[in-house]
Amino acid sequence: MQKEEILHIFPDFMRTRWEKVAERAEQLQEIRLRVNQPVTVLMDNKEWFLETEGGLTSDVAHAVYSSEKELEAVLTHVCRYSIYAFADEIRQGFMTIPGGHRVGISGQVILENNEQIRNIKYIRYLNIRIAHEVIGVSDKALPYLYNRGEVLNTLIISPPGCGKTTMLRDLVRSFSVGNEYGKGCNVGLVDERSEIAGSFLGIPQNDIGLRTDVMDACPKHEGMMMFIRSMAPDILAVDELGSKKDIEAMHQAIRCGCKMLATIHGFSIEEIGRKEYMKTVMEEQLFDRYMVLGKKNNRCIIIGIYEKERRLCSNWQE
């Protein structure tokens, strides 16, 4: 990631202040702007406060505060000076910007009569989440996710902050382009929160492979059905299974001959098996492989890859 990519998130008059932070783009994770509150920066999993001259400090007494004018300037800039054009994204509470980075939005919510969100006004909080691609992070797992050249149905289990989305993105890329274990496949990616492909104006900002089609900002269960009807994918990829509807759509996809690549929040196979909507999935052994992620020495790792019977794959080493 280049320094300029970070600087271009901000309007011209603010870029000098962000020079030093942008120079550490590879370690940068989040920038939080709150009106009349200190600017915070998450760098290497540690929170810092931004100083007036652009340095980082742990002392809030030296922090620079976000003004209403500055926050509105950032929002207008990332919306390409037409907030109206990004009304749909704002209504969802986030927007994806060039580079695949995501800007989360909070403020006063305006509801329709049926209690659906119509808009968000008085936006006073921004969370700029910096996207990081790690090409090849899935390479170690690939030998365990194929059987005679065919991709196996795989579920990635991970607590928050352990690289789940990064792993999913790289597997999508690898399955799409092909590798030494199998040929390239058509992948249908349902990117409900625009985090995997990081699409901006419909164009993926991340490398997701040459045979990947994206259904951006679409609910998972609807996106899976749309792909089956229209795009004939070999593999369907979705992030964060979380409802009975998701599981029903996944069942249908597998019955139609699609392979599944999915993720779910959790710490272990046993834990996710206790989720009500996952009981049938576990009983029917819909997934051939379970990949469990975690952390060791503050580094994201694959703890283990397990067979459908929940046995650790033979020859697996961390």
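**Reading residues and helices**

Tutor: Happy to! Let's start with Ser158, which is found in strand β10, residues 154–158. Keep in mind that this is a predicted model.

Student: Is Ser158 buried or exposed?

Tutor: For that, look at the relative accessible area; under 20% counts as buried. Ser158 has a value of 0%, so Ser158 is buried.

Student: Which residues does Ser158 touch, leaving aside those up to four places away in sequence?

Tutor: Ser158 touches Lys164, Ile264, His265, Gly266 and Leu293.

Student: Can we try a residue in a helix?

Tutor: Thr165 lies in helix α5, residues 164–177. Its relative accessible area is 16%, so Thr165 is buried. Setting aside residues up to four places away in sequence, Thr165 touches Glu195, Ile196 and Asp239.

Student: How does Glu271 compare with that cut-off?

Tutor: Glu271 sits in helix α8, residues 269–273. With a relative accessible area of 23%, Glu271 is partly exposed. Here is another thing to read: Glu271 and Ile157 are 114 residues apart in sequence, and their C-alpha atoms are 9.7 Å apart in space.

Student: Which residues of α7 are buried?

Tutor: They are Asp246, Ile247, Ala249, Met250, His251 and Ala253. What covers the buried residues of α7 includes α6, β13 (235–238), β14 (259–265) and α9 (279–283).

Student: At what angle do α6 and α7 pack?

Tutor: Helix α6 (residues 220–230) and helix α7 (residues 244–255) pack at about 15°, and their axes are 8 Å apart. An angle under 35 degrees counts as roughly parallel, and α6 and α7 are therefore roughly parallel to each other. Their crossing is left-handed.

Student: Which residues meet where α6 and α7 pack?

Tutor: From α6 come Lys220, His221, Met224, Met225 and Ile228; they meet Lys245, Asp246, Ala249, Met250, Gln252 and Ala253 of α7. The residues of this contact divide into six nonpolar, two polar and three charged.

Student: And what follows α7?

Tutor: Gly257 follows α7, and the phi of Gly257 is positive, near 95°.

How values were computed: Residues are numbered from 1 along each chain as its sequence is written. This is a predicted model: local features need pLDDT of at least 70, side-chain atom pairs count only at pLDDT 80 or more; totals for chains, interfaces and linings use all residues. Side-chain values use heavy atoms; hydrogens and water are left out. Axes are lines fitted to C-alpha atoms, for helices over the stretch in contact, and angles run from 0 to 180 degrees between N-to-C directions. Helices (H or I, at least four residues) and strands (E, at least two) are DSSP runs, numbered from the N terminus. Angles under 35 degrees count as roughly parallel, over 145 as roughly antiparallel, 65 to 115 as roughly perpendicular and the rest as oblique. A crossing is left-handed if the near helix is turned anticlockwise from the far one by less than a right angle, and right-handed if clockwise. Contact means heavy atoms within 4.5 Å. Ala, Val, Leu, Ile, Met, Phe, Trp, Tyr, Cys and Pro count as nonpolar, Asp, Glu, Lys and Arg as charged, and the others, Gly among them, as polar. Buried means under 20% relative accessible area, exposed over 50%, partly exposed in between (1.4 Å probe, protein chains only).
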